[in-house]
Amino acid sequence: ISFKKLEVDIMAMITVDGAAMPCPSTFQWGLQDISAAESGRTDDSIMHKNRVAQKRKISLAWNGVDWATTSQILSAFNPEYVQVTYPDMLSGTNETRTFYVGDRSAPVKWWWVGNQRMESVSFDIIEV
């Protein structure tokens, strides 16, 4: 009997500037409409949205990660702008877009020698 080695190409769910990230516990995809400055309701109560663009917003969280993984995630998303490859729900494919990062938080769950854990690491990334 001959056995062939099965090789599987596993792509990370998210890469940041080409570096694979741990799979997040939360990945919430969103699409924001950007309206022109003159948008709004007129006196006849009709909304004039005047959409000029749409931008992705992704909420990310990693639960129960250790100190080293927390540092890896926060360091990857620390630059002012990052190139993120992710599964896009609208196109149905993986896309690479430029994002900036919102406020980040990492509350401590427990802390003792050799077992520092964060409750979560979470933030939003918003398309530029």
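Which residue forms a salt bridge with E127, and how far apart are the closest N and O atoms? Here are some friendly notes to read beside the model.

1. This is a predicted model, where local features need pLDDT of at least 70, side-chain atom pairs count only at pLDDT 80 or more, and totals for chains, interfaces and linings use all residues. Residues are numbered from 1 along each chain as its sequence is written, and side-chain values use heavy atoms, leaving out hydrogens and water.

2. The partner of E127 is R97, with the closest N and O atoms 2.7 Å apart. A salt bridge here is a side-chain nitrogen of Lys or Arg within 4 Å of a carboxyl oxygen of Asp or Glu. E127 sits in strand β11 (residues 120-127) and R97 in strand β8 (residues 93-101), so the pair ties together parts 30 residues apart in sequence. Strands are DSSP runs (E, at least two residues), numbered from the N terminus.

3. R97 also meets E95 in a salt bridge (2.6 Å, N to O). E95 is buried, at 14% relative accessible area, and E127 is buried too, at 10%, whereas R97 is partly exposed, at 22%. Buried means under 20% relative accessible area, exposed over 50%, and partly exposed in between (1.4 Å probe, protein chains only).

4. The whole structure holds six salt bridges. One of them joins D88 to R56, with the closest N and O atoms 2.8 Å apart. This pair links distant parts of the chain, since D88 is in strand β7 (residues 82-88) and R56 in strand β6 (residues 51-63), 32 residues apart. Both D88 and R56 are buried.

How values were computed
Helices (H or I, at least four residues) and strands (E, at least two) are DSSP runs, numbered from the N terminus.
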